[in-house]
Amino acid sequence: MTITTTRHHALFFGEVEGVDLARPMTDTLFAEIEAAFHEHAILLFRGQRVTDAQHVAFSEWFGPVFTATKYSWKDEKRRLRDDMADISNLDHDGGLLPTDDPRRDHARGNQLWHTDNTFKHVPSRCSVLAAHTIPATGGNTQFADMRAAYDALSEAKKEEIDGLILEHCITYSRERMGFTGFTDAARAELPPVRQVLVRENPATGRKSLYIAAHAGRVIGWPDKEGRALIDELIAFATQPQFVHEHVWRDGDLIVWDNRCTMHRVTPFNEMQDVRDLRRVTVSDEINSVERAGLVAAE
Ligand code: OGA
Ligand code: MN
């Protein structure tokens with residue numbers, strides 16, 4: 001064994017030591033990292049000084065990397081490469097975004113519990129987020145373990161939700177935060193998609209809840225009841241015993257499993273403090289409904 005892993009939380013979130021991600025990865029080392037990833041669902045690597053290219057290269061070991069979502073209302077000029085999501089309050093030239101910039105409103109959607117890219121037909125397997133500059137206070141990231149949350153559901157609830165399919169759309173989460181900047185073209189680019197509510201990790205056989213602020217409807221249910229079930233499950237799954245709050249240090253890099261965790265950012269002084277994090281998002285293989293071999297009822 002080359003790496004050691006120490007849990008920061010009783011259920012999940014392991015800190016990995018003994019790896020310099022700026023150095024070339026090997027099959028044997030990655031096999032250890034992947035085993036730790038399945039066990040802990042989230043891995044923290046501290047003191048990493050990776051270039052953007054090294055960050056992407058490491059992420060590619062987990063699977064194919066998404067091109068960052070382009071929104072037609074966003075500034076065309078990007079600060080980062082096309083395969084990196086800009087999780088910052090910075091403009092393309094590195095200055096703070098104007099206070100009324102719609103990208104600030106959009107980014108605030110990350111304060112809602114979610115998991116990444118469930119609003120895409122083929123969602124994300126994992127995200128790899130690296131901290132470059134962190135604010136003086138706040139801007140922590142909270143994570144919740146959806147495997148433990150699923151396990152803790154009553155048998156009756158497990159039965160009730162078995163086989164249910166949710167509709168996810170980026171507009172659901174953004175509208176919940178009061179963001180209304182989507183043009184018709186942007187809506188057409190990211191139409192609602194379907195994902196299972198309970199998914200199983202093929203590598204471990206563990207089941208988890210698959211919910212997010214992007215989820216807005218339960219297929220085949222009246223809107224109100226569906227919304228109530230989604231809200232109930234998110235509230236249940238984010239109780240303190242399932243949650244770990246990470247306080248960032250420069251050089252931290254975190255890989256989280258989007259299939260079995262949720263996360264959200266805590267507020268910070270976003271008009272004054274720079275917060276520069278960069279995310280590479282790794283794609284899953286297939287839509288979760290298709291994987292489960294289910295057919296969505298209307
Ligand atoms: C993300 C995200 C939370 C944060 O990068 O996907 O939701 O703490 N980030 O910035
Ligand atoms: Mn996110």
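The legends below describe close-up views of a predicted model.

**View 1. The manganese ion (ligand 2) and its donor residues.**
Three residues coordinate the manganese ion (ligand 2): H114 through NE2, D116 through OD and H263 through NE2. Along the sequence, the donor residues follow the spacing H-x1-D-x146-H.

**View 2. Burial of H114 and D116.**
H114 has a relative accessible area of 2%, and D116 has a relative accessibility of 3%. Buried means under 20% relative accessible area, so H114 counts as buried, and so does D116.

**View 3. The residues around ligand 1.**
The shell of ligand 1 consists of I87, N110, H114, D116, L129, T141, W256, H263, V265, R275 and R279. Sorted by class, this shell holds four nonpolar, four polar and three charged residues.

**View 4. Polar contacts of ligand 1 with H263, R275 and R279.**
The side chain of H263 has an N or O atom 3.1 Å from an oxygen atom of ligand 1. For R275, a polar side-chain atom lies 2.7 Å from an oxygen atom of ligand 1. In R279, an N or O atom of the side chain is 2.6 Å from an oxygen atom of ligand 1. On its own, ligand 1 has 290 Å² of accessible area, and the protein covers 99% of this area.

Technical notes. Residues numbered from 1 in each chain as written. Chains lettered and ligands numbered in written order. Predicted model: local features only at pLDDT ≥ 70, side-chain atom pairs only at ≥ 80, totals over all residues. Heavy atoms only, no water. Donors = N, O, S within 2.8 Å, 3.2 Å for Na, K, Ca; no water. Buried < 20%, exposed > 50% of the residue type's maximum accessible area, 1.4 Å probe, protein only. Near = heavy atom within 4 Å. Polar contact = N/O pair within 3.5 Å; in protein donor to acceptor, adjacent residues only side chain to side chain. Areas by Shrake-Rupley, 256 points an atom, 1.4 Å probe, with all protein chains shown as cover. Nonpolar A, V, L, I, M, F, W, Y, C, P; charged D, E, K, R; others polar.
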